[in-house]
Amino acid sequence: MGSAGVTTWLDKLEEQLNVDVDWMDPTFTKSLPIVPHDMTSNQLWVDDQMNHPDNQELFLNAVKEYKDEGWLAIYTRVACLMCKENIGNIKGRVLLQVLPSNAYDGQKVLEHARLYAREFAKVGISKDRFCIKIPSTGPALSVCPILKEEGIATLGTALFSLSQAIACSQAGCLYISPYYNETRAHDELDLWPNVEDPATQHTMSPRIIQMLETYRRLYKETGKPQPLIKNASFINVKEAMAAGEMGCDSSTISPQVLTELAKLPYDGSKQPGEGVPKPVHPNNQNTVPTPERLKKIAATDPLAPANWDGKLASTDIDYLANNGAELAKAIAADPATVSRLKDALELFIGGQNKSRAKIEAALKTLA
Ligand SMILES: O=C(CO)[C@@H](O)[C@H](O)[C@H](O)[C@H](O)COP(=O)(O)O
């Protein structure tokens, strides 16, 4: 509860889903009025935290220790050490993303995920406390079943479509992160659907509801646990609340939005729609029906191309066979996913390149 016994939007959201922190700075996480469940990251967050004054000693020590193993080994070491700084401040898992530049090379994705797992073991973070973020492309998701066999949990990220979500279910991912907003919308606000009632009006809401409903059906039909939906990439507080109403399992939220959620006193009479208390393991999100007022948007798709035939992605297709060929085909048929996935990967590759340059510059000083 917020100060003076006031229930805040953040308190309310945490009643409806698991709130995660989408940032790697332990000082920020410790300052929150709640203890987040998971801590998510991407190459931008890792780069930012790698440049934080508090981490310069950690960084230089890792460079010296791993100087003969190349920049990726150092990158991976530093990222895992920075997770270690956070693990005591959260209840659940720390998440790191494989290199986005390898998003279309399954073997390299596999190798990097295994490298993370080895480094997590070295820093004392057990397999039930971390998860590896895998870009939701055909080749990358194809290796998730192997990682699952090895006890390495995965999250399908850069996910914008139902076909990607079904592929993640087939891949045995623990989580998926559909991006509520495309990454470019954070900087180019004219691309942002800044609407009054995101649950019914945001262009991504129907796809989130379709993912939830499809997983519910698959869970009922197969009894197999489905990936937990960890919604990401919110620009404002109303969007974060919409994820609670839609019935997502968790939301990973930026420091800006978390800070604002923690300041706002909650008033149910002003909320367009309320979520239900969060369901728990083992059924999780699969027991939450779509709220009545959202049912009407479940069959729509404002992001679909103009010639869309109204059919949702089929769960009968094997999206992962042949290096994820059917997923590649489904993505190619959906221009919104093509451009959003490309933009997200380019953004994260930018972060990767900055970290690589910093590591290589530090290596030169040792030569
Ligand atoms: O995917 C996850 C969590 O699974 C997030 O960390 C995700 O990378 C970020 O929320 C989004 O990329 C938003 O980043 P940005 O567009 O604000 O730069």
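I take a polar contact to be a pair of N or O atoms within 3.5 Å; within protein, one atom must be able to donate a hydrogen and the other to accept it, and residues adjacent in sequence count only if both atoms are side-chain atoms. I note that the model is predicted, that local features need pLDDT of at least 70 and side-chain atom pairs pLDDT 80 or more, and that totals for chains, interfaces and linings use all residues. Residues are numbered from 1 along each chain as its sequence is written, and side-chain values use heavy atoms, with hydrogens and water left out.

**Entry 1, ligand.** I looked up the surroundings of the ligand and found 18 residues, each with a heavy atom within 4 Å of it. The closest are Asp22, Asn42, Lys133, Ser177 and His186. A polar side-chain atom of Lys133 lies 3.0 Å from an oxygen atom of the ligand. For Asp22 the corresponding distance to a ligand oxygen atom is 2.5 Å. Ser233 contributes a polar backbone atom, 3.5 Å from an oxygen atom of the ligand.

**Entry 2, strands.** I next examined strand β6 (residues 228-231); helices (H or I, at least four residues) and strands (E, at least two) are DSSP runs, numbered from the N terminus. Strand β5 (residues 175-178) runs parallel to β6 and is joined to it by two bridges, and DSSP must find at least two bridges for strands to pair. Tyr175 stands opposite Leu228 in this pairing. On β7 (residues 250-253), β6 again pairs in the parallel sense over two bridges, with Lys230 opposite Ser250.

I then turned to the nonpolar cores, sets of buried Ala, Val, Leu, Ile, Met, Phe, Trp, Tyr and Cys residues joined through side-chain atoms within 4.5 Å. The largest has 105 residues, of which Phe120, Leu141 and Leu261 touch the most other members. Helix α5 (residues 71-87) supplies the largest share of this core, 11 residues. Apart from it lies another core of six residues, including Cys131, Leu155, Tyr175 and Leu228.

Lastly, I located Ser142 in helix α7 (residues 138-142). A polar atom of the Ser142 side chain lies 3.5 Å from the backbone oxygen of Leu320.

Notes:
Buried means under 20% relative accessible area, exposed over 50%, partly exposed in between (1.4 Å probe, protein chains only).
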